[in-house]
Amino acid sequence: MALPGSGVVNQGLQRTGINLACVGGGAAVGLPQTTSRYLMTMSVDDNANNFAAADTALSTSRGAIVNMFDQLLDGLATRTAQTISFTCTLGTGVANFTIRGIAWHDDTVANVTAASATLIAGIAGQSLLKTSSFSLAITGNILFTDNS
Amino acid sequence: MFTNETPTHLQVFAWATPAEGVTLDMLIAEFEAAGNEILEVDRANNRLKMFDVTKEL
């Protein structure tokens, strides 16, 4: 079965490059820079539609988002060898609806909306009815492969 | 990393941990009743794997 049309969106790849090169950094080249936008937030929603590569927000091509919850990551992303990991733990009292889409965002503030142009990556096509009976720790990994 | 390397896969997985007062077996029963597929039962760590998706980029 083909996986849902999801992954790192074009904007997410652009943000990776922008942050790597400190495009628009506030200090002169050669000096330490401050990165104001980075992968800091995860969202879950109950929209059944796939993400598209050109999406910039949760609702760009997927249509209206009825139920959505976003939260800061548990901590900054980590790296082991060629894998970057980012985890967010949803407590028992939040996001209690059928989780179908999972996405990660970069932003300058903690809170994002369905229309925020912050989308970095997403996975659609899941189905998990979350309830107050459990917390849910969701981890996303971006895997880099050696092409040499 | 980044030298001769490109992002090739996005992987997502999730673990469900029972709330206070809920046992792992109670949660398993709840998931089965709701039709939620359990991918792995990790009794040592009191948790259930609910998502495990790898998407090739």
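Buried area is the accessible area (1.4 Å probe) lost by two parts on being put together, summed over both. The model shown is predicted, so local features require pLDDT of at least 70 and side-chain atom pairs count only at pLDDT 80 or more, whereas totals for chains, interfaces and linings use all residues. Residues are numbered from 1 along each chain as its sequence is written, chains are lettered from A in the order in which they are written, and side-chain values use heavy atoms, with hydrogens and water left out.

**View 1. The interface between chain A and chain B.** About 3000 Å² is buried between chain A and chain B, and carbon and sulfur atoms give 66% of this area. Chain A contributes 40 residues to the contact and chain B contributes 30 residues, where contact means heavy atoms within 4.5 Å. Eight residue pairs, both members at pLDDT 80 or more, are in polar contact between the two chains. A polar contact is a pair of N or O atoms within 3.5 Å; within protein, one must be able to donate a hydrogen and the other to accept it, and residues adjacent in sequence count only if both atoms are side-chain atoms.

**View 2. The side of chain A that touches chain B.** At least two residues of this side come from each of β1 (7–8), β7 (101–107), β8 (119–123), β9 (128–129) and β10 (134–146) of chain A. The largest share, 13 residues, is supplied by β10(A). By residue class, this side of chain A holds 20 nonpolar, 18 polar and two charged residues. Here Ala, Val, Leu, Ile, Met, Phe, Trp, Tyr, Cys and Pro count as nonpolar, Asp, Glu, Lys and Arg as charged, and the others, Gly among them, as polar.

**View 3. The elements of chain A.** Chain A contains one helix and 10 strands, which are DSSP runs numbered from the N terminus (helices H or I, at least four residues; strands E, at least two). From the N terminus, their order is β-α-β-β-β-β-β-β-β-β-β. The C-alpha trace of chain A spans about 50 × 35 × 30 Å along its principal axes.

View 4. Ser43(A) lies in strand β2 (residues 38–45) of chain A. Ser43(A) counts as buried because its relative accessibility is 0%, the term meaning under 20% relative accessible area (1.4 Å probe, protein chains only). A polar contact of 2.9 Å joins the side chains of Ser43(A) and His105(A). Beyond neighbours within four places in sequence, the residues in contact with Ser43(A) include Leu58(A), Met68(A), Phe69(A) and Ile102(A).

Definitions and conventions: Buried < 20%, exposed > 50% of the residue type's maximum accessible area, 1.4 Å probe, protein only.
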